[in-house]
Amino acid sequence: MLSSSKPNPFKALQKSAALSWKNFRRSVSRSHQENVKDIHSLRQEQTRNFRWQVRNLFVTYQATLWRRIALVMGAITAAALAGMALMYFRFTPARPLVTVGRHVIQRREFQEKLEGVAGQAVLTKIVFADLVRQAAIKAGEMPTASQVDARLADMQRHGQTLPTGETLSTLREDTVLDMAMENLRIAGIIVTPAEIAQIYSRNKAQLTEPAQVQSILVVAPSSFEAQNATNLLSQGKTAAQIATVPEMHVDGENNFHINLASLPLPLHKKIVQTALEMSSGQITSVPVGTGFLVIKCLHKNPAHLPSLPEIQEKLTRAVKLQKAPATSVEMAKLYKANKPSFDMDRYAAYFSGIDRAEVAAPAGAPKANAAP
């Protein structure tokens with residue numbers, strides 16, 4: 001016999017709660033998944049935005065950089081064109097130099113006239129100087145600075161003044177080249193002590209050093225400045241101190257040099273004689289044109305004959321130069337040994353004479369003047 005069972009309310013409630021919990025879990029899981037998807041989508045969107053910003057920034061920077069480069073290159077090009085134009089108008093042979101009436105004298109015309117007058121002399125001097133310098137350096141025959149100083153001092157002692165229009169630096173450069181040429185000429189020349197002693201005994205008059213006066217020379221434009229210079233010299237002021245006074249010029253100071261050789265011969269002799277007759281410490285002034293030359297004698301050496309040991313080196317050199325080939329022969333040898341190349345034939349014609357010259361001195365040919 002079948003019996004009917006009564007439903008249990010507790011089990012129904014438990015089953016309902018389990019079903020609700022299951023549905024809740026499903027709902028939460030779906031919500032979490034959706035949130036994860038949203039976060040992932042947001043991150044992807046942020047990454048895309050960042051990449052776009054970086055790419056856009058790089059493109060913008062690149063465009064700006066190229067614009068700046070273009071501006072800089074444009075400025076450089078404009079400056080180069082302006083410089084080229086300036087150089088062209090400054091150095092072009094057609095540049096006007098002087099306008100006389102309707103005649104425009106161009107640089108070309110001036111250069112052609114100048115080259116016709118002095119072109120050969122200037123070019124040959126430059127070429128010969130290079131030949132001597134290169135040969136002397138190669139042979140180790142360049143003079144030392146002390147040797148050049150001694151030569152210049154010796155020239156001054158013997159009254160050799162600065163040539164008109166020549167600066168002290170130019171004189172020094174010419175002296176260096178002269179001594180280098182002498183060294184090349186006397187290379188290999190031998191003299192004996194007996195020869196030197198014999199020449200010394202025969203040429204004592206020529207070897208006697210003239211009287212020497214060490215002086216301060218001040219050029220003053222008027223009698224007032226001349227008197228002022230005399231007062232300053234009397235107070236013991238040095239040449240450098242006097243050279244700082246306006247309107248006064250001192251020989252040997254501030255690149256100022258007195259060229260007595262440019263004066264008329266009577267005036268030149270008068271100044272030299274006056275200086276030689278002065279005693280140490282004496283001050284005097286000599287009228288020169290519209291100005292005055294104020295002289296103070298610092299020290300005076302009488303004429304004397306140096307002993308043989310004192311001038312043996314100088315005398316030996318002089319004797320070797322008397323035996324050596326002439327300067328023209330040595331120069332012809334240097335020219336042929338290191339012959340220049342010419343880009344323009346008309347300049348090669350300047351050297352046609354030395355190109356055909358003999359490099360050996362003929363027998364009995366007179367030597368270059370090399371008196372002690």
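Helices (H or I, at least four residues) and strands (E, at least two) are DSSP runs, numbered from the N terminus. The model is predicted: local features need pLDDT of at least 70, side-chain atom pairs count only at pLDDT 80 or more, and totals for chains, interfaces and linings use all residues. Residues are numbered from 1 along each chain as its sequence is written, and side-chain values use heavy atoms, with hydrogens and water left out.

**Exercise 1.** Determine where Asn203 lies and whether Asn203 is buried or exposed.

*Solution.* Step 1: Asn203 is found in the loop between α5 (193-202) and α6 (204-207). Step 2: buried means under 20% relative accessible area, exposed over 50%, and partly exposed in between (1.4 Å probe, protein chains only). Step 3: with a relative accessible area of 19%, Asn203 is buried. Step 4: the side chain of Asn203 reaches the backbone oxygen of Ile199 at 2.7 Å.

**Exercise 2.** Describe how β5 and β6 pair.

*Solution.* Step 1: two strands pair if DSSP finds at least two bridges between them. Step 2: strand β5 (residues 283-288) and strand β6 (residues 291-301) have six bridges, in the antiparallel sense. Step 3: opposite Pro287 stands Phe292 in β6. Step 4: the hairpin of β5 and β6 has two residues between the strands, and Gly289 there takes a positive phi near 65 degrees.

**Exercise 3.** Classify the aromatic pair of Phe128 and Phe351, then that of Tyr335 and Phe351.

*Solution.* Step 1: rings of Phe, Tyr and Trp (its six-membered ring) pair if their centres lie within 6.5 Å; planes under 30 degrees apart count as stacked, over 60 as edge-to-face and the rest as tilted. Step 2: the whole structure holds four aromatic pairs. Step 3: in one of them, Phe128 and Phe351 have ring centres 5.8 Å apart and planes at 80 degrees, so this pair is edge-to-face. Step 4: Phe128 belongs to helix α2 and Phe351 to the loop between α12 (345-348) and α13 (352-355), 223 residues apart. Step 5: Tyr335 and Phe351 are stacked, at 5.8 Å centre to centre with 15 degrees between the planes.

Methods: Polar contact = N/O pair within 3.5 Å; in protein donor to acceptor, adjacent residues only side chain to side chain.
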